[in-house]
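Dear colleague,

I am handing over the structure below, and my notes on what was found in it follow directly after.

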Amino acid sequence: MNPTTTGEANATVAALVREIAASHREQRGALLPILHAVQEALGCVPAEAIPVLADELNLSRADVHGVVSFYHDFRSEPAGRTTVRVCRAEACQAVGAGRLVAHLKERYGVSLGETSRDGSLTAEQVFCLGNCALGPAAQVDGRLHGRLDEARLSLILEEAISQ
């Protein structure tokens, strides 16, 4: 990407972030709703949004970055077309969540926190999906699945990826 294009893209991101911030500015604790709106609009909270938000909300860049990096739901890069979130809490770990994680690496080439090279799949971990009695559990594109094994996870992922 040439510098002109990069500058134009940054200006577009900045303008969008300022517009979103303006629509939430009067809310108490506006940063979280603004970050959610930015991610909804852009697919992530890009690094170039951090200084803009800091300026708009009269916060330090460190404050904004700290919130973005603390909450696992915020991404700095867009997710793949399909997202799988594997529960890594104790109940799911005890009944095989580790096997699901290993299967993602072996079959799809993605470790937790990564997106496949073709952009089709992002794998994430979450600590409790509230489905402890039906573990191991995972969420695929927002839909909760329980009593998973490697074969069932693959069936669910293949269907989601093909859509």
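How many helices and strands are there in the chain? There are seven helices and five strands, where helices (H or I, at least four residues) and strands (E, at least two) are DSSP runs numbered from the N terminus, and along the sequence they follow the pattern α-α-α-α-β-α-α-β-β-β-β-α.

Please note that this is a predicted model, in which local features need pLDDT of at least 70 and side-chain atom pairs count only at pLDDT 80 or more, while totals for chains, interfaces and linings use all residues. Residues are numbered from 1 along each chain as its sequence is written, and side-chain values use heavy atoms, with hydrogens and water left out.

Of the 163 residues in the chain, 40% are buried, meaning under 20% relative accessible area, whereas exposed means over 50% and partly exposed lies in between (1.4 Å probe, protein chains only). Among contacts (heavy atoms within 4.5 Å) between residues at least 6 apart in sequence, 57% join residues at least 24 apart.

On the cysteines, the count of disulfides, each a pair of cysteine sulfur atoms within 2.5 Å, comes to zero. The sulfur of C128 has its closest cysteine sulfur in C132, and because the distance is 3.8 Å, the two are too far apart for a bond. C128 is partly exposed, at 36% relative accessible area, and C132 is also partly exposed, at 42%.

Finally, Y71, in the loop between helix 4 (61-70) and strand 1 (82-87), is partly exposed at 36% relative accessibility.

Best regards
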